Amino acid sequence: MTATSLTGRLRPLLAAAGGPAAAVAAVRGAERVVLCRGPAGEDSRFETGSLTKTFTALLLAELAARGEVRYGDRADRYLPFRLPGPPLTLLHLATHTSGLPRLPPGLLTRAARSGWLSNPYAGFYEDDLLVSLRRTRLRHRPGTRVLYSNFGGGLLGHVLARAAGGTGGDYAALLADRVTGPLGLSRTDCDSNTPQVTGYWHGRPRPALRMPGLVAAGAVRSSARDLTRLLGALLDPGSVPDPALRTALVEVQRPRLSVPRTGSRLCLIWNLRPRPDGALLHHSGGTRGFTAFAGFLPASGTALVALTNTAPTPLAPFVQAAYGTLRTLDARPVDGDGPLGCET
């Protein structure tokens with residue numbers, strides 16, 4: 001596939017983006033293409049929502065590669081109190097099998113007071129995360145069911161920051177030190193005060209997202225160039241000099257469990273669709289003003305990033321279009337790939 005045809009395949013996806021600004025990028029082997037629309041360039045920062053969790057998973061795998069944590073460690077090993085009941089491990093948090101609910105108890109009440117329609121997570125802090133954890137009854141025994149959880153993603157980042165010798169609030173600094181810095185992702189961070197593209201929800205501009213208590217679940221901002229660089233590292237972990245990070249890039253792609261009735265598998269946060277000619281890994285995210293998608297096919301060295309500055313709608317058409325475009329870039333379509341949801 002030539003660069004021209006790669007560009008041609010990305011243009012419909014760029015047109016399908018609902019927001020006034022969008023950026024889409026693709027990798028296939030040595031080819032790299034980035035297309036932008038509106039007030040956005042390849043280095044413009046977009047909120048990525050739940051794509052943040054893929055960074056948290058990479059951080060977990062990096063700490064594990066260094067021997068600082070083990071996947072089977074109890075989460076409360078790094079907390080100031082013991083959790084009752086069966087062990088809840090780091091692997092449970094990274095595979096959405098912890099039994100924790102989607103959101104922490106008390107968050108919705110705080111959001112109603114602090115601005116549900118503007119910045120729903122802004123009034124929920126690290127201390128609130130721990131208070132909520134003490135109050136939470138697990139929905140099921142850890143490891144027995146898949147239940148998508150922003151609570152679990154946020155807790156995982158909090159625990160990793162503590163495991164590395166800091167406080168729960170040190171996640172952003174740890175991510176910069178261990179992941180985004182070494183990979184050269186200069187436009188990727190959790191800072192809501194750094195300039196970024198303006199997001200839109202129902203046609204109205206939104207303030208920058210603030211998630212002080214659930215940073216590791218959804219606060220990362222990134223650009224098309226940085227996310228393409230990240231996917232390039234996942235496609236070719238051997239190109240990364242740091243041995244721990246190189247190991248981590250491999251580990252996050254390893255299937256950990258099968259999702260019942262879907263045919264899909266879960267790696268460390270990444271969703272995996274098995275295909276006869278190689279796996280397709282993907283994840284998406286949404287905030288009150290942005291939609292993001294990233295996916296890659298290791299067997300063919302193909303990857304796709306899609307970013308737009310409008311909140312996802314219920315059927316997530318932009319995410320569906322991005323997934324379909326990734327399949328066409330691979331040039332080896334496989335029947336039976338069903339529709340996707342948008343993780344938020």
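Apart from its neighbours within four places in sequence, arginine 70 is in contact with Arg77 and Leu90. In this predicted model, arginine 70 is located in the loop that lies between helix 2 (52-66) and helix 3 (90-94). Its relative accessibility is 57%, and arginine 70 therefore counts as exposed, the cut-off being over 50%. Arginine 70 and leucine 138 are 68 residues apart along the chain, and their C-alpha atoms are separated by 22 Å.

The strands were examined next. Strand 1 (residues 22-28) is mostly covered, with 6 of its 7 residues buried. Strand 1 pairs with strand 2 (residues 31-37) in the antiparallel sense over 7 bridges, and within this pairing alanine 23 has cysteine 36 of strand 2 as its bridge partner. The two strands form a hairpin with 2 residues between them; in the turn, glycine 29 has a positive phi of about 60°. Strand 1 also pairs with strand 12 (residues 302-308), again in the antiparallel sense and over 7 bridges. In that pairing, alanine 22 stands opposite threonine 308 of strand 12.

Strand 12 is in turn joined to strand 11 by 7 bridges, the two strands running antiparallel. Valine 305 of strand 12 is the bridge partner of alanine 294. Strand 11 and strand 12 form a hairpin with 4 residues between them, and glycine 301 in the turn has a positive phi of about 65°. Strand 11 (residues 291-297) is largely enclosed by the rest of the structure, because 7 of its 7 residues are buried. Burial extends to both faces of strand 11: Thr291, Phe293, Gly295 and Leu297 are buried on one side, and Ala292, Ala294 and Phe296 on the other. Strand 11 additionally pairs with strand 10 (residues 280-286) in the antiparallel sense over 6 bridges. Here histidine 283 stands opposite alanine 294 of strand 11. A hairpin with 4 residues between the strands is formed by strand 10 and strand 11.

Helix packing was examined for helix 5 (residues 126-135) and helix 6 (residues 150-163), whose axes come within 11 Å and cross at roughly 115°. This angle makes helix 5 roughly perpendicular to helix 6, a class that covers 65 to 115 degrees. The crossing of the two helices is left-handed. Helix 5 contributes Glu126, Leu129, Leu130, Ser132 and Leu133 to the contact, and helix 6 contributes Phe151, Gly154, Leu155, His158 and Arg162. Classified by residue type, the contact of helix 5 with helix 6 has 5 nonpolar, 3 polar and 2 charged residues.

How values were computed:
Residues are numbered from 1 along each chain as its sequence is written. This is a predicted model: local features need pLDDT of at least 70, side-chain atom pairs count only at pLDDT 80 or more; totals for chains, interfaces and linings use all residues. Side-chain values use heavy atoms; hydrogens and water are left out. Axes are lines fitted to C-alpha atoms, for helices over the stretch in contact, and angles run from 0 to 180 degrees between N-to-C directions. Angles under 35 degrees count as roughly parallel, over 145 as roughly antiparallel, 65 to 115 as roughly perpendicular and the rest as oblique. A crossing is left-handed if the near helix is turned anticlockwise from the far one by less than a right angle, and right-handed if clockwise. Contact means heavy atoms within 4.5 Å. Ala, Val, Leu, Ile, Met, Phe, Trp, Tyr, Cys and Pro count as nonpolar, Asp, Glu, Lys and Arg as charged, and the others, Gly among them, as polar. Buried means under 20% relative accessible area, exposed over 50%, partly exposed in between (1.4 Å probe, protein chains only). Two strands pair if DSSP finds at least two bridges between them.
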